[in-house]
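Open your viewer and let's walk through this model together, one selection at a time.

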Amino acid sequence: MLRLMEEGVARGRGTMALRGLFFRGFQMLIKKPSDVKPSEITDRDLYRERREFMRKATLSVAAGLLPSSLLIDPRVARAGTRLAGVRNSRTSTDEKQTPYQDVTTYNNFYEFGTDKASPAQLAGSLVTRPWNVAVEGLVKRPKVYAIEELLRLAPLEDRIYRLRCVEGWSMVIPWVGFPLSEVIRRAEPAGDARYVEFTTLYDPRQMPGQRHGVLDWPYVEGLRLDEAMHPLAILAMGLYGEVLPNQNGAPVRLVVPWKYGFKSIKSVVRIRLVEKQPVSTWMKAAPREYGFYSNVNPTVDHPRWSQAKERRIGEFFKRPTLMFNGYGEQVAGLYAGMDLKRYF
Amino acid sequence: MKTFTLLKTAVFLACLLPLLRLVWLGFAGGLGANPIEFVTHSTGTWTLACLLVTLSVTPLRRLSGWHWLVRLRRMLGLYAFFYACLHFVTYIWLDQFFDLHAIAKDVAKRPFITVGFAAFLLLIPLAVTSSNAATRRLGARRWQRLHRLVYLIATAGVVHYWWLVKKDITQPALYGAALAVLLGYRVVAALGKRRPSDFLGDPKPSRIRLGACRT
């Protein structure tokens, strides 16, 4: 119950301020968490079922009263909705997962402010339905996917990955998604396609951070085509088995676990295959500090701070950072013979 | 006299609030996902804030005529040192956990840490010579010359912050602007003292003092 309430409050801060207020009020009015006997605690799944039942009941009543065109349920796309039919993945790590609360309140998403707490507070303004993702450029079959279609494109998998931020902290995050290669393969890249360029939504009305020129909006990232086709690179639509919260890059984001976190671009609207190496937003902002590859590498320091160690969120002692964030066995081959100090 | 003691006590307690807030947040679990980063940033910004408040005593006193303000200055300066110590200890203990090798590398290799470390070292002689006895031993002139180091320290503090941030320099720029105003006031006052006739018109004794007691 306590955990449920904490989450309620935490999520309220993020996407549903009203719900958060409700929970806080609820908490004060009814009982202090310490007064609640274990026998009274509602099981998390049961709680969700009840809510789902109430929602459906409300909707079916409303259905009788409203014209059907108004019956779009925005909550279907909301964070917290359970994703169905998610498979396990052998690529998952069994390390202790970073709590949901931390994953969803400590975010770098400059479109919603440069403070790490801001995205959880401000990302409620992002509208994730309808949402289209265009796959275009040097491909034989360009296509614009509606997000619903993208969600059904390939089986969803749990992918528990380490995430290492360039700032020197890390998390273990259970993403839900499928390999990016599923999308690219279907588009049939042309022979001269060498790189993939990703672009985040640009809409300063929804993304207040874009009203300030902190970065050159929209946010752009890139991968080499073989990196993009690597089975570890995924498009994520979920977190902890549920629809991705807005502050984590809803409705769809990239996750490239062997690279620093900023490569894993959020709220993607365009995937473009190109011939020349794209210039990413951070390369443009500080070319000496952020390279195109940005592979996690403890031996290549950021010019202003060391990358040798990292603090896992929730832990006191720093731990050594692993080459390619511990995914060297799978991805080192992509960079055979390359000077990684030069191609940082 | 009694009013001043009350006021001084109030300022003393107010300056403790940032620390009490951290302690309270620590117990309430309010330090966020990365508590050590939170404490490091908080103690750092409060060091800078205390330095700026200390540096604003002289301009405020000059502009308002409230000369009693200067009797708060030592305490404010020592609070800057206090928060700098907390900041430093957070880095050495919580962040690096006494990994002297890593710390030495950091200080040598990373400009923002080099500058911050230097600023902290420079604060030490000022804190040590803050007592009345030390002032007497040094003599007012030498004491004042030594304590002008605070201009350098505050500048280093702003640079330290500026070089730390990844991209959004709004915060360090605000501290930098405040510092520029406070130091700019002193530059103007000093120029005024050197050639009062050029800058202040008729050199009345009261105007001359404008620059005489700048610190």
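Start by selecting chain B, which has 11 helices and zero strands; helices (H or I, at least four residues) and strands (E, at least two) are DSSP runs, numbered from the N terminus. This is a predicted model, in which local features need pLDDT of at least 70 and side-chain atom pairs count only at pLDDT 80 or more, while totals for chains, interfaces and linings use all residues. Residues are numbered from 1 along each chain as its sequence is written, chains are lettered from A and ligands numbered from 1 in the order in which they are written, and side-chain values use heavy atoms, leaving out hydrogens and water.

Colour chain B by burial next: 42% of its 215 residues count as buried (under 20% relative accessible area; exposed is over 50%, partly exposed in between, with a 1.4 Å probe and protein chains only).

Now select Arg141(B), Arg142(B), Arg145(B) and Lys193(B), a patch of positive charge on the surface. Patch residues have over 30% relative accessible area and no salt bridge, with like charges joined within 9 Å and nonpolar side chains (Val, Leu, Ile, Met, Phe, Trp, Tyr) within 5 Å; a salt bridge puts a side-chain nitrogen of Lys or Arg within 4 Å of a carboxyl oxygen of Asp or Glu. Helix α7 (residues 140–147) of chain B gives the largest share, three residues. Zoom in on Arg142(B) in that helix: Arg142(B) counts as exposed because its relative accessibility is 51%.

Finally, select Phe316(A), Phe317(A), Val89(B), Trp93(B), Phe97(B) and Phe98(B), a nonpolar surface patch. Phe98(B) lies in the loop between α3 (70–95) and α4 (100–109) of chain B, and is partly exposed at 45%.

Notes: Areas by Shrake-Rupley, 256 points an atom, 1.4 Å probe, with all protein chains shown as cover. Lys, Arg positive; Asp, Glu negative; His and termini not counted. Charge placed at Lys NZ, Arg CZ, Asp CG, Glu CD.
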